[in-house]
Structures are given as C-alpha cells and as structure tokens.
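Have a look at the chain before reading on.

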Amino acid sequence: MKQLILKDIDDLVIGSLGIVAFIAFFVGGVVTIQTALNIDNPLIPKYLVGFATRQSIVLEFAPTFISIIMAGKVGSFITSSIGTMRVTEQIDALEVMGINSLNYLVFPKFIALTLYPFVISIAMFLGILGGMAACVYGGFSSLEDYIVGIQTDFIPFHVTYAFIKTFVFAFVLATIPSFHGYYMKGGALEVGKASTTSFVWTSVVIILLNYLLTQMLLSS
C-alpha cells in the first residue's frame, strides 16, 4: 500500500507541478495587465494593481481555476487508469485474489491528493510572482507599489478559505473520477467516454461547491 501511495503522489501531485506552475505564472501576469489597463484613472492609486492581483489569485484563481484544470489532467488519468483495469478484467482478478479492489485502487489516490493544497500554495505564489514580473517589466507600476498592494488590507482568513476549498476540491478530484472509472462498463471506447464524463461532472461539482463554500465562508 505504501508503494501505491508513493506512486500516486508522484503521478497525481508531483507530475502536475510543471503545468500548474506554467499556467499560474502567466495567468498571474495576465490578471495584473488587465487590472492595470482598466484602472488608468490618475486618481486611482497604483498599488491597487497588486491588491487586485492578490485577491483574484488567492480567492479564486489558484483554488478554483487550477482545480478545474486538474479535473482534466488528474481526473482523466484516474478514470482511464482504473477504467482500463476494469476493461482488461484486472479488477476482477484482484477480487478473485481476495483483495478489496475499491480500497486497493481508490484509497492511495485519496491519500495522495491530501497533498493537493501544496500544489495550490505554489500556484498562489507563482501567480503573484508572475503578476509582479508583468507589472514591473510592463511598466504598469513600480515594484514598491505592487508590494504595497499585496500587503494592503490583507485578511489571513482569505488564505484559510482558499485552503478549505482546496481540501474539498481534492476530495472531489479523488472520488468522482474513481467512481466513473471503477463502475464503467464496455470496452476501450467506453474508457475514453468515461474520462470525458468524469471531467465534466468533476468540473460541475467543483463550480457548484465553489459557490456554496464562498456563500458559507465569506458572506457571514
């Protein structure tokens, strides 16, 4: 079981760091550029660019947007790997050997994805860093103004809120794709269909839970 958990950590968490880092850095830059171009009124202070970038990335972009991307990458991988085992009757073989196949296949993925907040924390950091790079090199405001903006009216609970969402999304990423892979029927063609279906439903559930969690945690 330990080897399975370590393999899933490598496949699902460490294997996703590259694409998450790339997307976070450049989307952070885009958020900063869009904000800077939209507040070109001389009466509006320049530090608001850093403030708006921080709020966008910490509250919404890193936990939610990255989770939907991960639903495509991680979710499809989980569904196709378990679905292929179902099609090739490897799951039936595990049952014959007296192994609890559901526990054997899904539990390591669930444990591996408890490290998912680590991925999101990197996305937050790189998003803000990408925003800083775009801000300074694009000439939209000075480095000092951007840093003042990042520090202005910082509410620590916003980071807590982001990580609560992340843990919930990690649970969704581990369970819905596993369900679609484990209970699929048919052949190789159906594996592809199951992967697509799991991505759609994982994304829908993440967006709905995002709305509910925001309503519960921030509106009080």
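Predicted model: local features only at pLDDT ≥ 70, side-chain atom pairs only at ≥ 80, totals over all residues.

Residues are numbered from 1 along each chain as its sequence is written, and side-chain values use heavy atoms, with hydrogens and water left out.

Two packed helices are described by the angle between their axes and the distance between the axes. Here's how that looks for two pairs; axes are lines fitted to C-alpha atoms over the stretch in contact, with angles from 0 to 180 degrees between N-to-C directions.

| Helix pair | Axes come within | Crossing angle |
|---|---|---|
| α3 (residues 48-87) and α8 (residues 156-182) | 8 Å | roughly 15° |
| α5 and α8 | 9 Å | roughly 150° |

The α3 angle makes that helix roughly parallel to α8, as angles under 35 degrees count as roughly parallel and those over 145 as roughly antiparallel. The contact of α3 with α8 involves 14 nonpolar, 11 polar and three charged residues (Ala, Val, Leu, Ile, Met, Phe, Trp, Tyr, Cys and Pro count as nonpolar, Asp, Glu, Lys and Arg as charged, the others, Gly among them, as polar). By their angle, α5 and α8 are roughly antiparallel to each other, and α5 also makes a right-handed crossing with α8.

Now for the largest pocket, with a volume of about 180 Å³. A pocket here is an open set of points on a 1 Å grid, for a 1.4 Å probe, with protein on both sides within 12 Å along at least five of seven lines; lining residues have an atom within 4 Å of a point. Helices α1 (2-13), α3 and α5 (101-112) each give two or more residues to the lining, which includes Asp8, Phe77 and Tyr104. By class, that lining has six nonpolar, one polar and four charged residues.

Zooming out, the chain has nine helices and zero strands (DSSP runs of H or I, at least four residues, or of E, at least two). Its C-alpha atoms fill a box of roughly 70 × 35 × 30 Å along the principal axes. An unreviewed UniProt entry annotates "transmembrane region" at stretches including 12-37 and 57-78, though such annotations may be inferred rather than shown by experiment. In the model, residues 12-37 are 88% helix, with end C-alpha atoms 37 Å apart; residues 57-78 are 100% helix, with ends 27 Å apart.

Definitions and conventions. Parallel < 35°, antiparallel > 145°, perpendicular 65-115°, else oblique. Points joined across faces, edges and corners; volume = space filled by probe spheres on them. Left-handed = near helix turned anticlockwise from the far one by under 90°.
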